[in-house]
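Biologist: I would like to learn how to read the side-chain features here. Please take them one at a time.

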Amino acid sequence: MTNCHKRTTDQRKTTTNQHKRTTNRNKELQTIIKELQTELQTDIKQFQTNMEELQTDTELQTNIRELQIGIELQTNIEELQTHKEELQTDTDLQTDIEELQTDKELQTNIEELQTDIEELQTDIEELQTDTELHTDIEELQTDIKQLQTDIEELQTDIEELQTNIEELQTDIKQLQTNIKELKTNIKELKTNIKELQIDISEFLKYSQKITLDRNTAHRKLLLSNRNRKVTSVNQHQSYPDHPDRFTGWFQVLSKESLTGRCYWEVKWRDGADVAVSYKDISRTGRTNDSGFGFNEKSWSLYCVADSYTFWYDGTKTPGSGRPSSRIGVYLDHRAGILSFYSVSKSMTLLHRVQTTFTEPLHAGVNVLNYGNTAEFIKPK
């Protein structure tokens, strides 16, 4: 009796232990299944969220990220299937599962989980075979490549613009430098103008009275005002023959032989040459040898209403500005200086010669056209 009781007790203990073991295995299995179920549901929600974003997000990186999530979900499913197969080969666990199959709630959860897995696989397959999505992705990739090309072209344009800006800055700096130089030149010019605007009183002490020599005057020149004024006329004057008379150019020389320092003024009208000449200048014909400023024996300032030109040995030097109707001439024979001035309230230098004079000089004028006049006046 005692042994039978003991055996029964042992059997009960064994049964109890087996029940405990089965219970523990069931708990472990339920825990594993719940964890898998939770993880899978989380992945499903994440995938659904990603799918919704995929439908509204047109950017390539987002589509690729969502596709990667789908692939990761497929990997999780494959791992889950692997775990399932491993569980199916576990005889002990299979026994426990068979025991657990009587648990209707657990069976329902497993069936729902399997359904969700199948739906998820279907969604993944649809996603992988969605040609429209692939087309959108390819178009997006094409757009990105075009955008990259546009960005490269824009960068090239920006570099060219930067180069142009640098060149423009260089030009601006050069312009600023030129402006500074121009301002400096203007200051120097103003200074030179002030220097050129000489007070006439400095020359009055060298004032020289000039009278014209009738024996040198062309026959179509009329002398008046005590032989100080000459007018070009259309009628020959009754001058006697003389070897010193100009026969071609309408010219005349002074009686006075000029040396040392001398200053005189000529008032002209309509056009005239104000000149100085050696006495041995040619008098014959209208040639360079006899015309004032066309040879080495004379110097001439040709004046008209709006301009003046200096002539020597057939070479002209144009002046700037307009001469006044009064021309002042300063001669320093010993120093070799001959200067022509425009005279009004002040004196403005028109032209200056530095040379060496080898003979005494004579003042002269050439009145160009009929009616033109030139008069030697008293400086004041």
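Modeller: Glu159 is exposed, because its relative accessible area is 51% (buried is under 20%, exposed over 50%, partly exposed in between, with a 1.4 Å probe and protein chains only). The model is predicted: local features need pLDDT of at least 70 and side-chain atom pairs pLDDT 80 or more, while totals for chains, interfaces and linings use all residues. Residues are numbered from 1 along each chain as its sequence is written, and side-chain values use heavy atoms, without hydrogens and water.

Biologist: Where does Glu159 lie?

Modeller: Glu159 is in helix H5, residues 131-196 (helices are DSSP runs of H or I, at least four residues, and strands are runs of E, at least two, numbered from the N terminus). Glu159 also belongs to a surface patch of negative charge, with Asp150, Glu152, Glu153, Asp157 and Glu160 (like charges joined within 9 Å, from residues with over 30% relative accessible area and no salt bridge).

Biologist: How many salt bridges does the structure hold?

Modeller: There are five, each a side-chain nitrogen of Lys or Arg within 4 Å of a carboxyl oxygen of Asp or Glu. In one of them, Asp241 meets Arg219 at 2.4 Å, N to O. Asp241 lies in the loop between E2 and E3 and Arg219 in the loop between helix H6 (201-204) and strand E1 (221-224), so the bridge ties together parts 22 residues apart in sequence. Asp241 is exposed at 70%, and Arg219 is partly exposed at 23%.

Biologist: How many aromatic pairs does a search of the whole structure find?

Modeller: Twelve. Rings of Phe, Tyr and Trp (its six-membered ring) pair if their centres lie within 6.5 Å; planes under 30 degrees apart are stacked, over 60 edge-to-face, the rest tilted. Phe246 and Phe292 are edge-to-face, 5.8 Å centre to centre with 80 degrees between the planes. Phe246 is in the loop between strands E2 (229-232) and E3 (251-253) and Phe292 in the loop between strands E5 (272-278) and E6 (298-304), so the pair ties together parts 46 residues apart in sequence. Phe246 and Phe292 are both buried.

Key
Patches are made of residues with over 30% relative accessible area and no salt bridge: like charges are joined within 9 Å, nonpolar side chains (Val, Leu, Ile, Met, Phe, Trp, Tyr) within 5 Å. Accessible areas come from the Shrake-Rupley method with a 1.4 Å probe; for residues, only the protein chains shown count as cover. Lys and Arg count as positive and Asp and Glu as negative; His and the chain ends are not counted. The place of a charge is taken as NZ of Lys, CZ of Arg, CG of Asp or CD of Glu.
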